[in-house]
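Here are my notes on this one, for you to read with the viewer open. They cover a pocket and some charged pairs.

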Amino acid sequence: QYSPDCVAGTDGEIDPTEITLPGCSCRSSSCAAPECSCLCRGDNYSGLCLRGAEQDGFARPVFECNALCRCSERCQNRLVQRGLQLRLQVFRTPRKGWGLRTLEPVPRGRFVCEYAGEVLGSAEARRRMQAQSPQDSNYIIAVREHLHDGRVLETFVDPTRVGNVGRFLNHSCEPNLLMVPVRVDSTVPRLALFAATDIPAGEELCYDYSGRFHNSPGSSREHNPVEEDNRLRKPCYCGSPTCTSFLPWDGSLFSTP
């Protein structure tokens, strides 16, 4: 079932459509910092949020203006909520199954699409992962945001049954997209994908499933699985010079909490 936005999972634990964030009181057509309370909560689309955590070791959260804000619908701080604006195409790749490519040039920093699906609680995400066989395609993504006080916020999105074009994005060890958690109406983040570089028309769109921004040899922070875990890992066919041979591995959802 196609859905441009995230929906509540069958476990009903999290409703991403619930409006829980306060709105700003800006009356201008487009908000600006430091007057706007939404922009003051974190980074914005001036470019700061798109540089990743490579310079400071951390990235600040991004909050868009929402349904309760008094600013105009044309506000520059309303971007991901407007949805897909580019012409994209689902196509069959030689070795990776289905893929997604752009039919028009995409400049660096432009919003491409959201990774939408069912938002699950940790128990349901773990149950679904453990029910999969090694031959099944896995679309569940686990996003972990590390707070300054040591807490970790986890978001699980599964577009297997309900989702959008984001489910067709393949992994690359040298991706042309990066994922940024963006909050609009709710504290549940929307998993927005932006162009990490200028992308020509016809090029396949990919991101790093491990969440890394820019990759270089030896930069991976991925947990190195023990040798026997490699039996469960799937090969990577991205073809990049820094390819790690396997898709990123996270065994936390296969373990007992």
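The points below go from the ground rules to the pocket and then to the salt bridges.

1. Ground rules. This is a predicted model, so to speak of local features a pLDDT of at least 70 is needed, side-chain atom pairs count only at pLDDT 80 or more, and totals for chains, interfaces and linings use all residues. Residues are numbered from 1 along each chain as its sequence is written, and side-chain values use heavy atoms, with hydrogens and water left out.

2. The second largest pocket. It holds about 190 Å³ of space. A pocket here is an open set of points on a 1 Å grid over the protein atoms alone, where a 1.4 Å probe fits, with protein on both sides within 12 Å along at least five of seven lines; lining residues have an atom within 4 Å of a point. The volume is the space filled by probe spheres set on the points, which are joined across faces, edges and corners.

3. Its lining. Look for Asp5, Cys6, Pro16, Thr17, Gln81, Glu114, Val184, Asp185, Ser186, Val188, Pro189 and Arg190. That makes five nonpolar, three polar and four charged residues (nonpolar: Ala, Val, Leu, Ile, Met, Phe, Trp, Tyr, Cys and Pro; charged: Asp, Glu, Lys and Arg; polar: the others, Gly among them).

4. A pair in that lining. Asp5 and Arg190 form a salt bridge, with the closest N and O atoms 2.9 Å apart. The pair links distant parts of the chain, 185 residues apart: Asp5 is in the segment before strand E1 (7–8), and Arg190 is in strand E11 (residues 190–195). Asp5 is partly exposed at 37% relative accessible area, while Arg190 is buried at 17% (buried is under 20%, exposed over 50%, partly exposed in between, with a 1.4 Å probe and protein chains only).

5. Salt bridges overall. The structure holds 11 of them, each being a side-chain nitrogen of Lys or Arg within 4 Å of a carboxyl oxygen of Asp or Glu.

6. Helix H1. Arg127 and Glu124 meet in a salt bridge at 2.8 Å, N to O, and both lie in helix H1 (residues 122–131), three residues apart, about one turn. Glu124 also bridges to Arg128, again at 2.8 Å; these two are four residues apart in H1, so about one helical turn separates them. Glu124 is buried at 12% and Arg128 at 6%, whereas Arg127 is partly exposed at 45%. Helices (H or I, at least four residues) and strands (E, at least two) are DSSP runs, numbered from the N terminus.

7. Salt bridges link Glu118, Glu124, Arg127, Arg128 and Asp158.
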